Amino acid sequence: MSADQTSWDAAVRHLYRDAFAYIATGPRRHDWTSDILALMARAVPDPRGWARIDDAEKDPERVGNPNWPFAVHPPEYVRPRLKEIDRDSAENLLLALTESGCTLSNLQYFDESPDELRAMARTVLARYGNEATYRTNVSKTGSAPGTLDFTLDSWGYSPMSVFTEDCGLVVVSDTEVGLFWNFNDL
């Protein structure tokens, strides 16, 4: 499956319409951790010019702090806090990030069926190709290594922002890195 700009932009804008989100893709230039930090600092453009969602863009806290609401961390902090997950878990996580709480119960707020929403998530991931890897700061550890279990009531995460809750997905391909993040101040 591949994604074109129109379908990718439409899927991203629709899925994250009600989230306080930061969705961005940048070029893969260095170690993926450095590339992600550049995205968090809003220091690189989307290499294809596709949609970027930055709900914190106009917040006064951003003045003089391009990272906000991300906290400034060195690579040594970020890398171990982003655990690798499989593609199915990444697809579910994209859907769980559509609202606060990082849960698939968020799907009830859409008019589309779960299958239609999953097709949108697959469109989003298709941009990065079949060889992409996926990482998250969310811990809803499934029974198999590298999986997330969204049936669990409890979950945790490694904070990357100034908010009380922030959950995200990092997608790494040979040429691009994608950042999908949702923030919530409980």
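Tutor: Rings of Phe, Tyr and Trp (its six-membered ring) pair if their centres lie within 6.5 Å; planes over 60 degrees apart count as edge-to-face. Please note that the model before us is predicted.

Student: How many aromatic pairs does the structure hold?

Tutor: The structure holds 9 aromatic pairs. In one of them, Y22 and F70, the ring centres are 5.7 Å apart and the planes stand at 75°, so the pair is edge-to-face. Y22 belongs to strand β1 (residues 21-27) and F70 to the loop between β2 and α3 (75-81), so this contact ties together parts that are 48 residues apart in sequence.

Student: Are Y22 and F70 buried or exposed?

Tutor: Y22 counts as buried, at 0% relative accessibility. F70 is buried too, with a relative accessible area of 1%. F70 also pairs with F183: their centres are 5.2 Å apart and their planes at 75°, so this pair is edge-to-face. That pair links distant parts of the chain, since F183 lies in strand β8 (residues 176-184), 113 residues from F70. Like F70, F183 is buried.

Student: Which residues do ring pairs link into a cluster?

Tutor: The cluster consists of F20, Y22, W68, F70, F163, W181 and F183. P69 is located in the loop between β2 and α3.

Student: Where does a charge sit over a ring?

Tutor: The charged end of R81 sits over the ring of Y77, 3.7 Å from its centre. R48 lies over the face of W50, at 4.8 Å from the ring centre.

Student: How should I read the strands, and in which order do they form the open sheet?

Tutor: Strands of a sheet pair through backbone hydrogen bonds, either parallel or antiparallel. Here 6 strands form an open sheet in the order β2-β1-β8-β7-β4-β3, with antiparallel pairing. Its edge strands, β2 (53-54) and β3 (83-85), each pair on one side only. Within the sheet, 4 bridges join β4 (residues 133-136) to β7 (residues 165-172), and T136 stands opposite L169 in β7.

Student: How many disulfides does the structure hold?

Tutor: It holds 0 disulfides. The test requires a pair of cysteine sulfur atoms within 2.5 Å. The cysteine sulfur closest to that of C102 is in C167, 4.2 Å away, which is too far for a bond. Both residues are buried: C102 has 2% relative accessibility, and C167 likewise has 2%.

Student: Which residues have a positive phi although they are not glycines?

Tutor: C102 is in the loop between α4 (87-96) and α5 (114-126). R42 has a positive phi of about 55° and is found in the loop between α2 (32-40) and β2. R42 is buried, with a relative accessible area of 16%.

Student: Finally, how far apart are T147 and D86 in sequence and in space?

Tutor: T147 and D86 are 61 residues apart in sequence, and their C-alpha atoms are 5.9 Å apart in space. T147 is in the loop between β5 (138-139) and β6 (156-157). With a relative accessible area of 19%, T147 is buried, because the cut-off for that class is under 20%.

Methods. Residues numbered from 1 in each chain as written. Predicted model: local features only at pLDDT ≥ 70, side-chain atom pairs only at ≥ 80, totals over all residues. Heavy atoms only, no water. Helix = DSSP H or I, 4+ residues; strand = E, 2+ residues; numbered from the N terminus. Buried < 20%, exposed > 50% of the residue type's maximum accessible area, 1.4 Å probe, protein only. Pairing = 2+ DSSP bridges. Phe/Tyr/Trp six-rings, centres within 6.5 Å; stacked < 30°, edge-to-face > 60°. Lys NZ or Arg CZ within 6 Å of the ring centre and 35° of its normal.
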